[in-house]
Amino acid sequence: MIRTLIAPVRYVQGRGALNEVGELIEPLGKKLMIFASERVTDIIKDPLLASLQRTNLDFKFEKFNGECSRKEIERVSEVLKKGGFNVIAGAGGGKTLDTAKASAYEAGIPVVILPTIASTDAPTSAIAVVYTPEGEFEEYRFFPRNPDLVLVDTLIIAQAPVRFFVSGMGDALATWFEADAVNKAGAQNMAGGHSTSAALRIAKLCYENLLKYGLSAKLAVEKKTVTEAVEKIVEVNTLLSGIGFESGGLAAAHSIHDGMTALKTSHRLYHGEKVAFGLIVQLVMENRDPTQINEVLDFSIQVGLPVCFDDLGLGKVSRDDLEKVVRLATAENETIHNEPFSVTEEFVLDALLTADALGSFRKKINLGVPQPPSYSYRGQNT
């Protein structure tokens, strides 16, 4: 049995870290493309320029067009090649960063990752999630190495809408449970081997730190402040979950996310919001101890993650639509088949319906009368 763990070459995190980025990029290449949306460029431009101007780097900004699709990856890689760029820095959220990673691979150059939100564990990984131009999941792309540098400025993270931060906790919440399922099944992780003890411990630390620091960190980010709890959860959302999912493996929670992309209504939701509900479905499928399921539900309700169809904006979802979700979630190459038991469409549909019922019931116990959560699909904090 071959065990393997992969991780970014260098990870840097802290308040004001963006002020140091130029000196860290310079050894990687001399002609830099900074790849970001217009909005993200406005956020990072001042500290980034101040740092880059202390170096000998030649740099240019390139706009992200909004979707990590084959077309956008081809466009950006062509710009890199024609422009003679020898390093790219992707700045922003998961789709921008994944496009930067994929384009860097196509162009054969190093990639630097500058997250401006802590909404997923994408920044540290050697994986890109590719969607159709309409936003439906298409494929995972796997690269032979992780990013050369991941730099996270927690001051910038704390200024972003709290919904992003909570979504990142949803993504990280599934890390330990998926890694545990993969390990029990003897399945391979995302790196093509079996989990090391280190990867499993990192994945477990994700869960432990979420329960310990998650609510405090959320409340701090609502006030746009950086506390030690915020630093802990940024590390959870970005580094620990990144290593944990990639070197531990994915299972049902992420497949349910992929299945939900079949519904246009779900496109208003963030990745981690869908993964968080997918985790509840996974726990039902695995017949986990009710105490543990309730612990996950209670945490999710406390920080504002979805626990039922109403939270997801799917309150009136039809059985036909749920069958579309299940069909996509159980496709041949989906990670749901890393569970330590056989998976059928009927089994997953039953688990979906049960997860919705459990989440709705637990909300009534926690809240008395269900209230719209702070991350709601209705558009708050976007």
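Q: What should I know about the model and its numbering?
A: The model is predicted: local features need pLDDT of at least 70, side-chain atom pairs count only at pLDDT 80 or more, and totals for chains, interfaces and linings use all residues. Residues are numbered from 1 along each chain as its sequence is written, and side-chain values use heavy atoms, with hydrogens and water left out.

Q: How many helices and strands does the protein chain have?
A: Helices (H or I, at least four residues) and strands (E, at least two) are DSSP runs, numbered from the N terminus. The protein chain has 15 helices and eight strands.

Q: How are two packed helices described?
A: By the angle between their axes and the distance between the axes. Axes are lines fitted to C-alpha atoms, for helices over the stretch in contact; angles run from 0 to 180 degrees between N-to-C directions. Take α3 (residues 70–83) and α4 (residues 94–107): their axes come within 8 Å and cross at roughly 50 degrees. Under 35 degrees counts as roughly parallel, over 145 as roughly antiparallel, 65 to 115 as roughly perpendicular, and the rest as oblique. So α3 and α4 are oblique to each other.

Q: Which residues of α3 and α4 make the contact?
A: Contact means heavy atoms within 4.5 Å. From α3 come Glu72, Ile73, Val76, Ser77, Leu80 and Lys81; from α4 come Thr99, Ala102, Ser103, Ala104, Glu106 and Ala107.

Q: What is the handedness of the crossing where α7 passes α11?
A: A crossing is left-handed if the near helix is turned anticlockwise from the far one by less than a right angle, and right-handed if clockwise. α7 passes α11 in a left-handed crossing. By contrast, α3 passes α4 in a right-handed one. In α7, Phe177, Glu178 and Ala181 meet Leu279, Gln282 and Leu283 of α11.

Q: How do strands β6 and β7 run?
A: Two strands pair if DSSP finds at least two bridges between them. Here five bridges join β6 (residues 127–131) to β7 (residues 137–142), and the strands run antiparallel. Tyrosine 131 stands opposite phenylalanine 137 in β7. β6 and β7 form a hairpin with five residues between them, and glycine 135 in the turn has a positive phi of about 95 degrees.

Q: What radius of gyration does the protein chain have?
A: The radius is taken over C-alpha atoms, and the globule rule is 2.2 Å times the number of residues to the power 0.38. With 382 residues, a compact globule would have a radius near 21 Å; the protein chain has 20 Å, which agrees. Its C-alpha atoms fill a box of roughly 60 × 45 × 40 Å, taken along the principal axes.
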